[in-house]
Amino acid sequence: MFRLDGKIALVTGASQGIGEAIAKRLAAQGATVVCAARTLRKLQEVADAIASAGGTSDVVVADMADAASVKAAVATVVERHGALHILVNNAGITRDKLLIQMKEEDWDMVLDTDLKGAWAAIQAATKPMMKQRWGRIINIASVVGQMGNPGQANYVAAKAGLIGLTKSVARELASRNITANAVTPGYIETAMTAGLSEDVKAEFTKQIPLGRMGTGEDIAAAALFLASEEAGYITGQTLSVNGGMLMV
Ligand SMILES: NC(=O)c1ccc[n+]([C@@H]2O[C@H](COP(=O)([O-])OP(=O)(O)OC[C@H]3O[C@@H](n4cnc5c(N)ncnc54)[C@H](OP(=O)(O)O)[C@@H]3O)[C@@H](O)[C@H]2O)c1
């Protein structure tokens with residue numbers, strides 16, 4: 001089940017954290033995975049790990065905050081591999097500040113990276129996917145995009161926007177056998193949350209019925225399912241992977 005043999009996948013933000021876990025999981029299921037981010041050295045380490053585990057991957061440097069760079073990365077994938085079946089928009093950043101202290105550049109940086117970058121990747125991927133009459137678009141949003149969070153107006157707006165973008169894309173592309181779905185992680189142990197104090201983590205954990213923070217592998221399992229042939233009748237949905245902290 002959930003085999004991806006012959007499929008070409010592009011995972012953004014694959015140099016660490018959730019994106020790394022997704023890239024490794026898709027490769028373990030037989031996909032050729034192109035790992036994208038800004039830092040070539042870290043991408044190469046992920047590619048080496050995939051190769052050591054018997055998988056196939058490639059790397060491409062891209063800046064999600066620069067639409068031209070994103071489009072060039074997608075074109076490179078198609079040029080090198082002849083197709084693009086699975087796009088995982090995972091790259092994301094935070095610039096947390098209370099609304100009153102938030103600078104325009106904090107807003108623009110997060111919206112450009114987390115939302116506009118995903119739009120640019122989807123737009124570029126649409127052509128090859130339409131030609132193939134097969135595609136899977138998976139957008140990694142966030143539980144806070146569903147519930148709001150103080151100090152994260154920019155990030156929450158971007159992630160809520162990504163959920164809306166997912167639904168529009170799903171409706172536009174369904175007739176071409178392309179699905180688009182969002183995954184909303186809760187609190188996941190990665191570099192993004194590593195800065196939280198133990199007290200704050202303990203406080204968050206109290207709000208999680210399953211009693212623990214999530215892992216990159218928890219999110220990778222959801223992404224794999226949505227990428228698979230078996231999920232072909234699921235589109236426009238938001239799959240919450242949050243340990244039960246928000247039940248919608
Ligand atoms: N951790 C959580 O609790 C959590 C919860 C909900 C949602 N999420 C979402 O899950 C996704 C992954 O989060 P994570 O926790 O794995 O974060 P992370 O450890 O900070 O990794 C972020 C990844 O995105 C890449 N990236 C950042 N800015 C980029 C840019 N401008 N262009 C290209 N790549 C860029 C980074 O690589 P480079 O720096 O090398 O470019 C890195 O590979 C994000 O969208 C995040 O919002 C995370």
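# Briefing: strands, helices and the ligand shell

Valine 61 is partly exposed, because 16 other C-beta atoms lie within 10 Å; the scale used here calls a residue buried if 20 or more other C-beta atoms lie within 10 Å of its own, exposed if 12 or fewer, and partly exposed in between, with C-beta atoms placed from the backbone. This is a predicted model, in which local features need pLDDT of at least 70 and side-chain atom pairs count only at pLDDT 80 or more, while totals for chains, interfaces and linings use all residues. Residues are numbered from 1 along each chain as its sequence is written. Helices (H or I, at least four residues) and strands (E, at least two) are DSSP runs, numbered from the N terminus.

**Valine 61 and its surroundings**

- Valine 61 has its place in strand β3, and alanine 37 stands opposite it.
- The C-alpha atoms of valine 61 and alanine 36 are separated by 5.5 Å, although the two are 25 residues apart along the chain.
- Neighbours within four places in sequence aside, valine 61 is in contact with Arg38 and Leu40; contact means that the two C-beta atoms, placed from the backbone, lie within 7 Å.

- Strand β2 (residues 32-37) is largely enclosed by the rest of the structure, because 6 of its 6 residues are buried.
- Thr32, Val34 and Ala36 point one way from β2, while Val33, Cys35 and Ala37 point the other way, and all are buried.
- In a regular strand the side chains alternate between the two faces of the sheet.
- On one pairing, strand β1 (residues 8-12) runs parallel to β2 and is joined to it by 5 bridges; strands pair if DSSP finds at least two bridges between them.
- Within that pairing, alanine 9 stands opposite valine 33 in β2.
- β2 also pairs with strand β3 (residues 56-61) in the parallel sense, over 6 bridges.

**β-α-β units**

- β1, helix α1 (residues 17-28) and β2 make a right-handed β-α-β unit; right-handed means that, with the strands pointing away from the viewer, the path from the first strand over the helix to the second runs clockwise.
- β2, helix α2 (residues 40-52) and β3 make a right-handed unit of this kind as well.

**Helix α1**

- The 12 residues of α1 should span 16 Å at 1.5 Å a residue, and its end C-alpha atoms are 17 Å apart, which agrees; the expected span is 1.5 Å times one less than the number of residues.
- α1 is mostly covered, with 11 of its 12 residues buried.
- Among the buried residues of α1 are Ile18, Ala21, Ile22 and Leu26, along with Glu20, Lys24 and Arg25.
- Just after α1, glycine 30 takes a positive phi of about 110°.

**The ligand shell**

- The ligand is surrounded by 29 residues, the closest being Gly13, Gly17, Arg38, Thr39 and Gly92; a residue counts as near if its C-beta atom, placed from the backbone, lies within 6 Å of the molecule.
- Helices α1 and α7 (191-194) each supply at least two residues of this shell.
- By type, the shell divides into 13 nonpolar, 13 polar and 3 charged residues, where Ala, Val, Leu, Ile, Met, Phe, Trp, Tyr, Cys and Pro count as nonpolar, Asp, Glu, Lys and Arg as charged, and the others, Gly among them, as polar.

**Helix α9**

- Helix α9 (residues 216-227) has 12 residues that should span 16 Å at 1.5 Å a residue, and its end C-alpha atoms are 16 Å apart, which agrees.
- α9 is mostly covered, with 9 of its 12 residues buried.
- Gly216, Asp218, Ile219 and Leu224 are among these buried residues of α9.
- The buried residues of α9 pack against β1, α1, β4 (86-89), β5 (135-140), β6 (178-185) and β7 (238-241).

**Leucine 246**

- Leucine 246 lies in the segment after β7 and counts as partly exposed, with 15 C-beta neighbours inside 10 Å.
- In sequence, leucine 246 and valine 143 are 103 residues apart, yet C-alpha to C-alpha they are 7.3 Å apart in space.
- Not counting residues up to four places away in sequence, leucine 246 touches Val143, Gln146, Met147 and Ser240.

- Most residues other than glycine have a negative phi.
- Phenylalanine 2 has a positive phi of about 60° although it is not a glycine, and its place is in the segment before β1.
- Asparagine 177, with phi near 65°, also has a positive value in a residue other than glycine; asparagine 177 lies in the loop between α6 (153-173) and β6.
- Phenylalanine 2 is partly exposed, with 16 other C-beta atoms within 10 Å, and asparagine 177 is partly exposed, with 15.
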